[in-house]
Amino acid sequence: MTERDILTTVAKAADSKRAEDIIALNMKGISLIADYFLICHGNSDKQVQAIAREIKEQAAEEGIFVKRLEGFDEARWILIDLGDVVAHVFHKDERGYYNLERLWGDAPTEDLVSELNQ
């Protein structure tokens, strides 16, 4: 499975739980941490946890190993490390504060529309 396939799996899982403003940043050549960052948010603690749980479950079904999951209990910013892809699931109130899109503003965005509309 390629890193793009992992990104698609994560994006579809987030979308299935109605994650909002799903954005993928191509971090190749910018960060040594991962090839892609997926950023999205939910509107409540329960939704944020549901999105993270779905990402973890879909990854397991596809045989993708989750290296680390942090922040689940607080449900303000959940980080899911899948190796080549790192998913950041924010609570709506926190996303604007941390503004990872601006922090990593030199990273190009990936078009996920076709994958999410399948």
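Biologist: Which residue in E5 is the bridge partner of Ile80?

Modeller: Ala87 is the partner of Ile80. Two strands pair if DSSP finds at least two bridges between them. E4 and E5 run antiparallel and are joined by five bridges. The element names come from DSSP runs: helices (H or I) have at least four residues, strands (E) at least two, and numbering starts at the N terminus. Two notes before we go on. This is a predicted model: local features need pLDDT of at least 70, side-chain atom pairs count only at pLDDT 80 or more, and totals for chains, interfaces and linings use all residues. Residues are numbered from 1 along each chain as its sequence is written, and side-chain values use heavy atoms, leaving out hydrogens and water.

Biologist: How many residues lie between the strands in the hairpin of E4 and E5?

Modeller: Three. Gly83 in this hairpin has a positive phi, near 85°.

Biologist: Which other strands pair, and in what sense?

Modeller: E2 and E5 run parallel, with seven bridges. Phe37 sits opposite Val86 in E5. E1 and E2 are antiparallel, joined by five bridges. There, Leu25 has Phe37 of E2 as its bridge partner. E1 also pairs with E6, antiparallel, over two bridges. In E6, Thr109 stands opposite Leu25.

Biologist: How many residues of E5 are buried?

Modeller: First, the scale: buried means under 20% relative accessible area, exposed over 50%, and partly exposed in between, with a 1.4 Å probe and protein chains only. Seven of the seven residues of E5 are buried, so the rest of the structure largely encloses this strand. In a regular strand, side chains alternate between the two faces of the sheet. In E5 both faces are covered: Val85, Ala87, Val89 and His91 are buried on one, Val86, His88 and Phe90 on the other. E1 (residues 20–26) is mostly covered, with five of seven residues buried.

Biologist: What span should helix H1 have?

Modeller: Multiply 1.5 Å by one less than the number of residues. H1 (residues 3–16) has 14 residues and should span 20 Å; its end C-alpha atoms are 20 Å apart, so the two agree. Arg18 follows H1 with a positive phi, near 60°.

Biologist: How many aromatic pairs does the structure hold?

Modeller: Five. Rings of Phe, Tyr and Trp (its six-membered ring) pair if their centres lie within 6.5 Å; planes under 30 degrees apart are stacked, over 60 edge-to-face, the rest tilted. Phe37 and Trp104 are edge-to-face, at 5.8 Å centre to centre and 85° between the planes. Phe37 lies in strand E2 and Trp104 in the loop between H4 and E6, so the pair ties together parts 67 residues apart in sequence. Phe37 is buried, at 4% relative accessibility, while Trp104 is partly exposed at 22%.
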